[in-house]
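Subject: Structure handover

Hello,

Here is the structure you will be working with. Please open it next to this email and follow along.

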Amino acid sequence: MQAYEGSRGSSRWSGPGTLILWSTTTIAIPLALYMAFLYAPDERVMGAAQRIFYFHVPAAFVTFFGAVTIFASAVAMLTTRAPRWDHWTLATTEVSWVFCTIVLLTGPIWAKAAWKGRVGDWIFDPKLATTAILWLLLTGALLVRRAAASEELGARLGAVLGILAAVDVPIVHKATVWWRGHHPVLFAPGKRDALDPRMRLAFLICTIVFFLLFGLLVALRRQLAEVEHRARAAAERASNEGRS
Amino acid sequence: MTSYGALFWAYNLIWAVIAGYLLHLILRLRGVDRRLAALEREADRAQPER
Amino acid sequence: MRGAGFFRASAAIAAKDLRLEWRTWDSLSSGTVFALMVAWILALTLTPASGEAPELAAARYAPSALWTVVAFACAVSLAPAFRAERQGDAFAGLLAAPIDRGAIYLGKLASGLVHTALLALLGAGATAALFPWNPFERPATLALILGLHVLGLTVLGTLFSAIVHRVGRGEALLATLLFPTAAPLLLSAVRCTEASTEGRLFETAGHWLGLTAGFDLLYLCLGLLVFEFVVED
């Protein structure tokens, strides 16, 4: 078993794809910050507090997009059994988890500030419930991976749980929407009717930046997973040779 | 952003978490790279002996 | 079990598990105790304040209490589903047999369903006794609601139980995985039970029944598909 066929030595942030992601993200983040804080006008009702919408909502988009990527790579992993797909599954699972945590932490902060304490209105909002459930499932998937005796078992179980989590998300969302019996308002009133074009542009830029960030973090995490896999294989090989 | 103190922290939280994760990944990548390089050097040393 | 058909294999596995349960009462006893305790605590803490109409409180709390009891009872009774196989490497023996992995899942599911169905009935009885409420007034709709939702809980619970046992973690992890995934089921169960006590199950909660039926079918298919990835060596 060749532990490290292909390029030897440094596997640091190599690859043209990753470099492109790095450069575009580095440029795009200051731009997004400018757009969100300076370019976009204050919202009518909530004022400056509404600006978190430019970060919180894109983070949510990215989280749910992440669930789709988890599903795709998990299916690929289970059908092909290639370690490569496990690295993608692990990367997408972990990065989605990070963004999911961000959404969960910032949402209530925003809601508390905006609604000034009417917790009951938003605490079981469909989007919050769906995000919370997704977070629990992603945490479970990551914990099971860690607890598995072998890397291969962890990969399989992680993929299975990833698939179950991703499939559950739309169902949970539907169920929680029905449960409330009405559509609770989460966005500030200004959003539904004629969103100011400047706000729309700022929102678009921020969404793009978050997707770029997602791509960058997944690329890095995948690389880390691959290098760790190779290191583990090399260590195993070294210990086998030491014994023989 | 002026009157909502909690909101200010929320904004910072987002970037802090993302930056923290990025840093964490980079550090881990460096560590594993070093380990892999060391293992490869060891294997190289072992090879000529055969 | 040479050349056993798919369903015959499942039946054999289910029968073996049920026979084992009949001898040891392992999963049903823990499930029963837990169910009764949860029901009792809920009844105690949800006692309406003086002045509040008890029927109102019952209509509001009883369905939720019932499904809290059933949810926890299912988790507790399904957690040891694969415990017997884990000991003594019986898993390897089972996998060596020339039967479809899906048949193992189905067999475990069938025996698990017997346990959870019994516990669900027990839960209904317990809440009927502890709350001013009678779910058995409409036995057909009760059976439908209990059956449909407990099936979903068992489908998921069996799969997660296998995963948890592969990892050797405490069976508490089962609840952590099961409840979030089964959240739509539990929401649907409460709404359906509420509608059924008002006598308007199909008009008010028809969409919930549809959702649950779809959910059950979806996860049953998924379970059959992915089970082999969980148990293979």
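**Two helices of chain C**

H7(C) and H8(C) pack at an angle of about 145°, and their axes lie 9 Å apart. (Axes are lines fitted to C-alpha atoms, for helices over the stretch in contact; angles run from 0 to 180 degrees between N-to-C directions. Helices are DSSP runs of H or I with at least four residues, strands are runs of E with at least two, and both are numbered from the N terminus.) The crossing of H7(C) past H8(C) is right-handed. (Right-handed is when the near helix is turned clockwise from the far one by less than a right angle, left-handed when anticlockwise.)

Which residues of H7(C) and H8(C) make the contact? From H7(C) they are C:Leu156, C:Gly157, C:Phe160, C:Ser161 and C:Val164. From H8(C) they are C:Leu173, C:Leu174, C:Leu177, C:Leu178 and C:Thr181. (Two residues are in contact if their C-beta atoms, placed from the backbone, lie within 7 Å.) By class, this contact has seven nonpolar, three polar and no charged residues. (Nonpolar: Ala, Val, Leu, Ile, Met, Phe, Trp, Tyr, Cys and Pro. Charged: Asp, Glu, Lys and Arg. Polar: the others, Gly among them.)

**How to read the model**

This is a predicted model: local features need pLDDT of at least 70 and side-chain atom pairs pLDDT 80 or more, while totals for chains, interfaces and linings use all residues. Residues are numbered from 1 along each chain as its sequence is written, and chains are lettered from A and ligands numbered from 1 in the order in which they are written.

**More on chain C**

H7(C) has 29 residues. Its first and last C-alpha atoms are 40 Å apart, close to the expected 42 Å. (The expected span is 1.5 Å times one less than the number of residues.) H7(C) is mostly covered, with 22 of its 29 residues buried. (Buried means 20 or more other C-beta atoms within 10 Å of a residue's own, exposed means 12 or fewer, and partly exposed is in between; C-beta atoms are placed from the backbone.) After H7(C) comes C:Gly168, with a positive phi near 70°.

Now take H2(C), residues 26–45. Its 20 residues should span 28 Å at 1.5 Å a residue, and its end C-alpha atoms are 29 Å apart, which agrees. Its buried residues are C:Ser27, C:Gly31, C:Thr32, C:Ala35, C:Val38, C:Ala39 and C:Leu42. Why do the buried residues of H2(C) line one face? Seen down the axis, they fall within an arc of 145°, so they line one face of the helix. (The arc is that of the directions from the helix axis to the C-beta atoms.) On the other side, C:Ser29, C:Val33, C:Leu44 and C:Thr45 are exposed.

**Where chain C meets chain A**

Here 19 residues of chain C are in contact with 22 residues of chain A. On the chain C side, H7 (139–167), H8 (172–181), H9 (183–197) and H10 (201–231) each give two or more residues. H10(C) gives the most, with seven residues. The chain C side divides into 13 nonpolar, four polar and two charged residues.

**Chain A**

Chain A has seven helices and zero strands. Of its 244 residues, 45% count as buried. Among contacts between residues at least 6 apart in sequence, 83% join residues at least 24 apart.

H2(A) has 28 residues and reaches 40 Å, close to the 40 Å expected. Of those 28 residues, 20 are buried. A:Arg81 follows H2(A) and lies in the loop between H2 (53–80) and H3 (83–115) of chain A. Its phi is positive, about 60°, although it is not a glycine. Most residues other than glycine have a negative phi. A:Arg81 counts as partly exposed because it has 13 C-beta neighbours inside 10 Å.

A:Lys174 sits in H6(A), residues 151–180. It has 15 C-beta neighbours inside 10 Å, so it counts as partly exposed. A:Lys174 and A:Pro126 are 48 residues apart along the chain, yet their C-alpha atoms are separated by 8.0 Å.

**Chain B**

Chain B has one helix and zero strands. Of its 50 residues, 22% count as buried. B:Asn12 is in H1(B), residues 5–46. Is B:Asn12 buried or exposed? It counts as exposed because it has 10 C-beta neighbours inside 10 Å. B:Asn12 and B:Leu36 are 24 residues apart in sequence and 36 Å apart in space, C-alpha to C-alpha.

Best wishes
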